[in-house]
Number of protein chains: 6
Amino acid sequence: MPSEEQQKKSPPPSSSLLLIPTFPPPESESDESWVWTQIKAEAHRDADSEPALASYLYSTVLSHPSLDRSLSFHLANKLCSSTLLSTLLYDLFLRSFSTHPTVLSAAVADLLAARHRDPACVSFSHCLLNYKGFLAVQAHRVAHVLWTQSRRPLALALHSRIADVFSVDIHPAARIGKGILLDHATGVVVGETAVIGNNVSILHHVTLGGTGKMGGDRHPKIGDGVLIGAGATILGNIRIGEGAKIGAGSVVLIDVPPRTTAVGNPARLVGGKEKPSRHEDVPGESMDHTSFISEWSDYII
Amino acid sequence: MPSEEQQKKSPPPSSSLLLIPTFPPPESESDESWVWTQIKAEAHRDADSEPALASYLYSTVLSHPSLDRSLSFHLANKLCSSTLLSTLLYDLFLRSFSTHPTVLSAAVADLLAARHRDPACVSFSHCLLNYKGFLAVQAHRVAHVLWTQSRRPLALALHSRIADVFSVDIHPAARIGKGILLDHATGVVVGETAVIGNNVSILHHVTLGGTGKMGGDRHPKIGDGVLIGAGATILGNIRIGEGAKIGAGSVVLIDVPPRTTAVGNPARLVGGKEKPSRHEDVPGESMDHTSFISEWSDYII
Amino acid sequence: MPSEEQQKKSPPPSSSLLLIPTFPPPESESDESWVWTQIKAEAHRDADSEPALASYLYSTVLSHPSLDRSLSFHLANKLCSSTLLSTLLYDLFLRSFSTHPTVLSAAVADLLAARHRDPACVSFSHCLLNYKGFLAVQAHRVAHVLWTQSRRPLALALHSRIADVFSVDIHPAARIGKGILLDHATGVVVGETAVIGNNVSILHHVTLGGTGKMGGDRHPKIGDGVLIGAGATILGNIRIGEGAKIGAGSVVLIDVPPRTTAVGNPARLVGGKEKPSRHEDVPGESMDHTSFISEWSDYII
Amino acid sequence: MPSEEQQKKSPPPSSSLLLIPTFPPPESESDESWVWTQIKAEAHRDADSEPALASYLYSTVLSHPSLDRSLSFHLANKLCSSTLLSTLLYDLFLRSFSTHPTVLSAAVADLLAARHRDPACVSFSHCLLNYKGFLAVQAHRVAHVLWTQSRRPLALALHSRIADVFSVDIHPAARIGKGILLDHATGVVVGETAVIGNNVSILHHVTLGGTGKMGGDRHPKIGDGVLIGAGATILGNIRIGEGAKIGAGSVVLIDVPPRTTAVGNPARLVGGKEKPSRHEDVPGESMDHTSFISEWSDYII
Amino acid sequence: MPSEEQQKKSPPPSSSLLLIPTFPPPESESDESWVWTQIKAEAHRDADSEPALASYLYSTVLSHPSLDRSLSFHLANKLCSSTLLSTLLYDLFLRSFSTHPTVLSAAVADLLAARHRDPACVSFSHCLLNYKGFLAVQAHRVAHVLWTQSRRPLALALHSRIADVFSVDIHPAARIGKGILLDHATGVVVGETAVIGNNVSILHHVTLGGTGKMGGDRHPKIGDGVLIGAGATILGNIRIGEGAKIGAGSVVLIDVPPRTTAVGNPARLVGGKEKPSRHEDVPGESMDHTSFISEWSDYII
Amino acid sequence: MPSEEQQKKSPPPSSSLLLIPTFPPPESESDESWVWTQIKAEAHRDADSEPALASYLYSTVLSHPSLDRSLSFHLANKLCSSTLLSTLLYDLFLRSFSTHPTVLSAAVADLLAARHRDPACVSFSHCLLNYKGFLAVQAHRVAHVLWTQSRRPLALALHSRIADVFSVDIHPAARIGKGILLDHATGVVVGETAVIGNNVSILHHVTLGGTGKMGGDRHPKIGDGVLIGAGATILGNIRIGEGAKIGAGSVVLIDVPPRTTAVGNPARLVGGKEKPSRHEDVPGESMDHTSFISEWSDYII
């Protein structure tokens, strides 16, 4: 998998807190072409082996000439309702992908991320068709494009459909990098002024929330390569440094330095506030949820 | 905004534990008329600026002569299924709003609450159209009317649709006041004998749960003006005093006195069990999630 | 209720850690026949008393000659989409129930469990029609059958629909026993190599998750009769012994011995690591969530 | 059947050409009540004997408190489309029936006519549910109300749906009496300035057409009690006298005197132009299609 | 095409008026198997060459193990409505085909007839998927089975859907043979007591109608091998002898002897009433519409 | 397409029988732009005056930037089914309009023709939205494009949907000019080798049919400017000369010279076979149906 190597070549810089993601990410056409070829091959194989699924695979993947059309069709059919017709959404997605090519290249980076990091992700087409986190993020990116174009009512209507259908609630103003994995995804909430870097992995039920009824910049900033465990709640305009790890179920109200681990409710740094332990890997990519357990367990049980 | 002043005139009494909400709330026709005028104006503005959304805005808002018809239409289209047709639900909502006018005035109070407390709520129509917490609460109120009329199978069928569509699970027997904000709302669970007062704000993933397989009064009672943070789990027939605050991710198994803050798993009172700190504001309205952080952080990190 | 006695006759063996559920469970035809008769009687009563619901009850229950047809119809209509037609799903469910009769007998055991354990479950038909946890588990069992038949793309497509519609995300490879209650169910996540025994009760927002990006056996094993409270997160290939109880909101990273209670984040055993308290009841059946509270509260507040 | 006698009491006056129907017809509440009672009884009987149809009968008939609601529901579901929602049409029909009670009493007269004249019409509910001619006429009456209210775009949109769904094309401006039977109905075309009297029976493929591209009064006027056979084409602003009969397949371009019979292409009067044969019965009610055959056959074969 | 020869072996007996069709027709399993193999091969070829159609071909044909399932699926999706669900109709068709195997063998005979007689019928799958006459007849046969089982309300509901969707109106009591071609089919009307023999071809807009409001046997009887031209109207309990031909646009009110031709309005026998011309071919199979033209033209122009 | 060259060689001479229509017609962009501007203005006016219709008008007309998108959207929603999704059809129509601009300019010519010739056509938007004949012809033109591209299975599937939805059955191989008015349209049947010139007006129930089971060129050729009355049946490879008129209900089996009138069953030329009367106007445009009546009536009654 060429993209794997490519990703290893450019890890998130470890020496600084790079929080503004480079969205939209640079184009990477060869990845898109390669992934689309893979997806078509997988869908052909599955349609052949499973006639009951062939109709679905043809309508959603195999009848389309390109990834952007397949994805637009799939999202339009998932998100349409009796008052927001699929043809309208299909048009909307197609045009957004066409005028903002980096939205599609970010989708490709997300597909590679899911395949690379999630052992349950058996194929690219599985992610494209079935991962609600993947689909929610792609639809969000289009809502974000609309938001930045000052088409806010439409962005919010799309946001509402994503929240209803996928139970994933990302405010259209939130900025999200590429190479994102929302694993399981149900219940993820990301607030209006939140920022998520590249190569971040976020489990289900994670909240990047605000702190009150004042407007302004009030949501977390998540650095590149961060891993946030299931059910973690991160509140306020705080910074989670690149390569940091947030334990499952943690409630984080304070900044977390790069490459450290925060756990518990309220969250504390593993190794202590003064000299927290630092890890060398990039948890958002390695997906190591639990290496801190022995240290932590010793400490508190 | 007249309602703001009105709300300030009648804060929840701070000296007593007023837990039974005054449901159904008193009528407030002028608010309804004013809010509906606002909603129409907003929808007109948005339909003009965004042709792709105009059809949706006309069908859902602008073609209706009144808020109850618009809301009935919207809920019917959201909650219908291939076996529960939209026309049936539309009839059901219309009649409930017509025979129980306080259900609609509570909806108006909720619209005002969302607009007042949530900085991301940019307009009344945004709340009416897109807030799954708002829509789930309005549909719940109708289910509750059915429940009190001993039309329980229908109440439970409606409850089931709300839980499927919005991932908000409020038992139809639960009593809920007015001026309610369910922010983000995904994953909220409210049990059969729970009671929620007026002007309460509840974040997503909050549970007001029971304690076992025995029937009877077994769920929490939430006082007026309470704020419950994301992911908090409150279990058993306990009382959360008016104006209290529950921190995100807390697991609350004991009574919480008025205007105090409980945090942690298991939840402890900020300031200590004996002399907990008391705050002056009404957190359900001020939405101050995090002012206790410094005190709490000092205490435990 | 005959099944109640029957269940009491065969409690989970308390002396050993029996983690591999006896799936598929033995046939129990008389239960099925008795429950189906009950469901029809309930649906007739409700259709008579509530004309607005009669159409739904006839289409979903009363027009069907048997439980498997009613359940297949109901699941097909719940899970269908514009690209996965209801007739296809109906066929799929019908054939799976027909060729794997233990899938249906497990459904019957689940119906009995819900009625027995959940005081809010007022009738069998209420559970059959409205419990998203019940419906998600039945659909999962069919997805699991497909998975074991190496029809993985179809199993994953079904899994995806279950996750979208019910916000319940059970990997089709996960093995689940009978007599299961997923109460409220929203947000439950069960990973690929997880195993759940018989007579287990699991509340909403519970995660049985993995530990990283390595494949292999990496998810929890839940013994018979276990009760897992709302929002608990259990991570890694650890064992929760039969009859154990996991407190709401706990984050469990270590084995939990049989008939003990683990609470907190990170979870500790009530009574201490060395000599944890042991209870005599089967929490998965007694649904006693909170008896440990006084002990726990004394300990930590 | 009381209505039968009633109809006999007021036969169409035989001595004059009464072409302007007394639309809207006078109210006849007792008929409506009696017919609705019959329909409910029939639907109950059929739901009991045929579980597969019970859901349909409950949703369409038995869950409704009155004929106008049942008919509004049924028409709304028949005529709705992805861009004209059923709830909108339901509202529209309900309001029209409510504000124009004679529209509903005309529907009752049509039900009585179908039952009286068509030996294949086994019950009132059969006509209400299944006769596309009956349903097309009722929907037309609502379109006509809209037309007379100068709501022409809506009238024409409704007209278009009727033409698509039932293949019955009646211009909304056409005036139609009561006691109308459109038997089989497919392909009936009635132009803008056509007028149809009371107690008229029209078979399928009948055209009441115009004569060219000039506007103005250009379509046929059909007197009370006329019978028009299958496939007859009547063109231009001509008068078909009350009680006249038009043979199947005739092409009529000239006035036809009362109680005479016109047949053939082009149509001639049976008995000759000068002294046409006159019949005593009212063919629109007796439905005698063929008594002229022997005379005609002798004449031309 | 083997069936062609087979059909020639058993021409309709020319010496007697055999009007009661041998319905249900004898089984012909080998034909069914051969035709189904053809259909699958055609659908595979078309799915390969036309990706846009592949989804439709898989869902409707290629995912099904047998012709009866494919046809049941296709009819259910064509005829379903918001109040008559596709799963209900699918079940109904499947069971009828299963319990009445001659219904399916008649469908096979119709497929062979269309392929044999209609030069525009380029493949069996084209007929199965696209011929509204073919589909209407198959659905009618199931309605007829229901009628003979005294399930009349369901038969009439199905009849109503056929009339709406295909504009083909065949009373469920009408008896129809096998090897039937309804070409184009729009507007065909067949009354309650009509009988249609084997190997009959009927063009669009043809009426087999009654004569008035009396019940009883009042519709035409059509012998084997008859051809009825477009727009012909045949009224009353008259007999059209086997192998007869009815010219387009004719209005037939009298018996037509075997192997003669009737044309005109009113219809006369070609060659004269006394000694009508007789033809040797079977027009229902040869589809010779116009060989009589020269004779007729000479006669009347 | 051989006919293309042929068409260029022989522009319609007004003095001879020109049967090959000049399809595809030359581009006429200014007409398109002007008509689209009109349609938008009409739709705006109607949306303002009729809120109940505004949603429909916005979704179908006002949200689209161009006529081809509006028409593609409208046709896709009219013709879609549960197995042929609207997004697929939308794509198909859009691409056909884009790659074959003359298809759209022919649509514009048809709009102008309807507005010009039909006094009941009150606006362009009325024709675009509501005329089933107009919509059927536009969809046919796309099916014809597919047919000429050898995408026959898709062309036939589209043909089948047009026949179901509009009861208009035009074989995709039939060649049709521009400036066509199918008035009322129900029941029109046009065979495979039929050709229809420019500026032709055809009423409902008209058949351009074949003569038997032989393939090859077997359907009528209709010259420019022809008017065909309701219910006329024209059979065989015969020629209807330019500017000819066919009376309603006629059965035409012989050539009809230019600018003459044929009426009756079987059709004869008005004025006699040898020296038929000739008219000066173009009946397809003047829509004069009945000027021959006096002459004809004198002749035969």
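At roughly what angle do the axes of helix α3 of chain D and helix α9 of chain E cross? Before I answer, two remarks on conventions. This is a predicted model, in which local features need pLDDT of at least 70 and side-chain atom pairs count only at pLDDT 80 or more, while totals for chains, interfaces and linings use all residues. Residues are numbered from 1 along each chain as its sequence is written, and chains are lettered from A and ligands numbered from 1 in the order in which they are written.

Now to the helices, which are DSSP runs of H or I with at least four residues, numbered from the N terminus. The axes of α3(D), residues 51-62, and α9(E), residues 152-166, cross at roughly 60° and come within 9 Å. Here an axis is a line fitted to C-alpha atoms over the stretch in contact, and angles run from 0 to 180 degrees between N-to-C directions. The pair is therefore oblique, the class left over once angles under 35 degrees (roughly parallel), over 145 (roughly antiparallel) and 65 to 115 (roughly perpendicular) are set aside. The crossing is left-handed, in that the near helix is turned anticlockwise from the far one by less than a right angle.

Which residues meet there? From α3(D) come A52(D), L53(D) and Y56(D), and from α9(E) come P153(E), L154(E) and A157(E). Contact requires C-beta atoms, placed from the backbone, to lie within 7 Å. By class, six are nonpolar, with no polar and no charged residues; nonpolar covers Ala, Val, Leu, Ile, Met, Phe, Trp, Tyr, Cys and Pro, charged covers Asp, Glu, Lys and Arg, and the others, Gly among them, are polar.

I turn to the relations between copies. Chain A can be laid on chain E by a turn of 180° and a shift of 0.0 Å along the axis, with an RMSD of 0.0 Å; that is the relation of a two-fold axis. Such superpositions are by least squares on the C-alpha atoms of residues with pLDDT of at least 70 in both copies. Of the residues of chain A, S55(A) comes closest to the rotation axis, at 1.9 Å (C-alpha). Eight residues of chain A are in contact with eight of chain E, and the chain A side has five nonpolar, three polar and no charged residues. Because 100% of the interface residues of chain A are also interface residues in chain E, these copies meet through the same surface.

Chains D and F are superposed by a turn of 120° and a shift of 0.0 Å along the axis, with an RMSD of 0.0 Å, and are thus related as by a three-fold rotation axis. Only 15% of the interface residues of chain D are also interface residues in chain F, so these copies meet through different surfaces.

Definitions and conventions
Two residues are in contact if their C-beta atoms, placed from the backbone, lie within 7 Å. Helices (H or I, at least four residues) and strands (E, at least two) are DSSP runs, numbered from the N terminus.
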